Amino acid sequence: EISQQMYNFIDKENVRVCLRPEMTPSLARMVLNQTNLITGEVRKTLPLKWFSIPQCWRFETTQRGRKREHYQWNMDIVGESSITAEAELLNAICSFFASLNITADIVGIRINSRKVLDAALQHAGVPPEQFAKVCVIVDKLDKIGADAVKDLLMNKEGNIYLPEETAHTILNCLQAKNVHELASFLPKENEYAQNAIHELELLFQIAQSAGFFSYLIFDASVVRGLAYYTGIVFEAFDRKGQLRAICGGGRYDKLLALYGGETCQIPCCGFGFGDCVIMELLKDYNLLPSFAPTIDFFVAPFQKNDIPNAFFIASQLRSAGFSVHLALGASKKARQAFDLANRYGAKMVAFVAPDEWQNNKVRIKHMIMKDPLTGEGKQIDFSLSLLSDRAAILSAFADQAQSSVLT
């Protein structure tokens, strides 16, 4: 699928160029760069936990929740073969949903196992070399329906031709309602299949303990179209069914061996979470947060002669870790400076004026904390020597607020 959607072209020097479609191969190469390719030993402490938010491109039809250029949040865990890695990733996704007030009645995450499907397909008589091709077809179940999938599996003119009974068994497996029903299609003496079933059961058990079970749904039809997945696969979706997949991922234990050789049997799992669909979801539920501008300090010189001093004040505050907007011209009236500060969303104003400067001080007014007597923002004249001390500034206003409460 990715090869068909690559955004590629020939540049002015007649060089074939492809814009990055995803980050997983790049991560694989980075890990292999820290690996002894002869022994397969990774020189870094395992497991590695890695995330990125790169810009990605795919050449496809632009539509709602789907663009040719987008940003994608990736999280991957390298070097952990147990199901706890998948649980950690799913917990991160669910925690992110919760932080945006996207509850389990708005979205869900479908879970399945390629291992279980592999065992079921082999038991149904599908040759191992056709497994990846079958997965690509059954991944279309939601889009084209069961009958169309069955026809593709039995297509004599295609690159897969399965007997009708085998195709029927595959569809029955895909329509299993729970893990136990899926297990009924597998031979109990098949240790590989039973271990895969146990992995699924343990994953749901961990989710129950960690508090994100309500988001998870077992769905035997989820296989993810990419051939490199080898174990647990998952994808998030909106419960109304109006949008494309919100995110997706799974285990890909063999990808590093593909790039680094058979010695590099390094287990991996991860997910990709694009920005397009989640934006549509947030808009639909009026959950898009406000992005009004906000800064810590607005630094305002009173007159032109105070501008060099204002630059000094801004530098000191920035060195203390504050975000600062420095007015590049003089504000002859304090009200003018405060109005501008409000427009920029400033929490505090440092008003640089000659009288305070002569006493080695600058007046700072808090735009949020109000004086109970005047209703105006609290004001403190700070020593210039304290401006690079973030804690001193914050605690001074906190102490004054506490004093007002006690009074």
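Residues are classed by relative accessible area as buried (under 20%), exposed (over 50%) or partly exposed (in between), with a 1.4 Å probe and protein chains only. The structure is a predicted model, in which local features need pLDDT of at least 70 and side-chain atom pairs count only at pLDDT 80 or more, while totals for chains, interfaces and linings use all residues. Residues are numbered from 1 along each chain as its sequence is written, and side-chain values use heavy atoms, with hydrogens and water left out.

Most residues other than glycine have a negative phi, and most peptide bonds are trans. Asn286, which is not a glycine, has a positive phi of about 55 degrees. Asn286 lies in the loop between α12 (275–284) and β13 (295–301); helices (H or I, at least four residues) and strands (E, at least two) are DSSP runs numbered from the N terminus. With a relative accessible area of 71%, Asn286 is exposed. A positive phi, of about 60 degrees, is also found at Asn360, in the loop between α15 (354–358) and β16 (361–370). The peptide bond from Leu46 to Pro47 is cis, with omega near 0 degrees, and Pro47 is placed in the loop between β4 (41–42) and β5 (48–52).

Helix α4 (residues 114–124) and helix α10 (residues 191–210) have axes that come within 8 Å and cross at roughly 150 degrees. Axes are lines fitted to C-alpha atoms, for helices over the stretch in contact, and angles run from 0 to 180 degrees between N-to-C directions. Helix α4 is therefore roughly antiparallel to α10, since angles under 35 degrees count as roughly parallel, over 145 as roughly antiparallel, 65 to 115 as roughly perpendicular and the rest as oblique.
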